[in-house]
Amino acid sequence: MSPDFTALAMDLTFSASVSSISVDVSINNDTIDELDELFRAVLALVSDVDRVEVAPASADILIIDDDGEP
Ligand SMILES: [Ca+2]
Ligand SMILES: [Ca+2]
């Protein structure tokens, strides 16, 4: 079984006036009847500025299978 999404890792740079950035994750559509698939998006702080807070640091995303039984 191949994953239903394309994993990625990237650096996000937030300027002083920005509080959110959108990230697109590609969903690999198929026609196979299967279980729903869960993946986690995780934010890790790499800035040395200690007044930055990352909350929540992760989110679970559920890909719901939309294929019927064969
Ligand atoms: Ca699939
Ligand atoms: Ca499917």
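Q: What percentage of the 70 residues of the protein count as buried?
A: A residue is buried if 20 or more other C-beta atoms lie within 10 Å of its own, exposed if 12 or fewer, and partly exposed in between, with C-beta atoms placed from the backbone. Here, 0% of the 70 residues count as buried. This is a predicted model: local features need pLDDT of at least 70, side-chain atom pairs count only at pLDDT 80 or more, and totals for chains, interfaces and linings use all residues. Residues are numbered from 1 along each chain as its sequence is written, while chains are lettered from A and ligands numbered from 1 in the order in which they are written.

Q: How many helices and strands does the protein have?
A: Both are DSSP runs numbered from the N terminus: helices are H or I with at least four residues, strands E with at least two. The protein has two strands and zero helices.

Q: How many bridges join β1 to β2?
A: Strands pair if DSSP finds at least two bridges between them. Strand β1 (residues 37-42) runs antiparallel to β2, joined by six bridges. Val42 has Ser58 of β2 as its bridge partner.

Q: Is Ile61 buried or exposed?
A: Ile61 sits in strand β2. Ile61 has 12 other C-beta atoms within 10 Å, so it is exposed. Strand β2 (residues 58-63) lies largely in the open, because zero of its six residues are buried.

Q: Which residues does Ile61 touch, not counting those up to four places away in sequence?
A: Contact means C-beta atoms, placed from the backbone, within 7 Å. Ile61 touches Phe39 and Ala41 on that count.

Q: What does the C-alpha trace span along its principal axes?
A: About 55 × 20 × 15 Å.

Conventions: Two residues are in contact if their C-beta atoms, placed from the backbone, lie within 7 Å.
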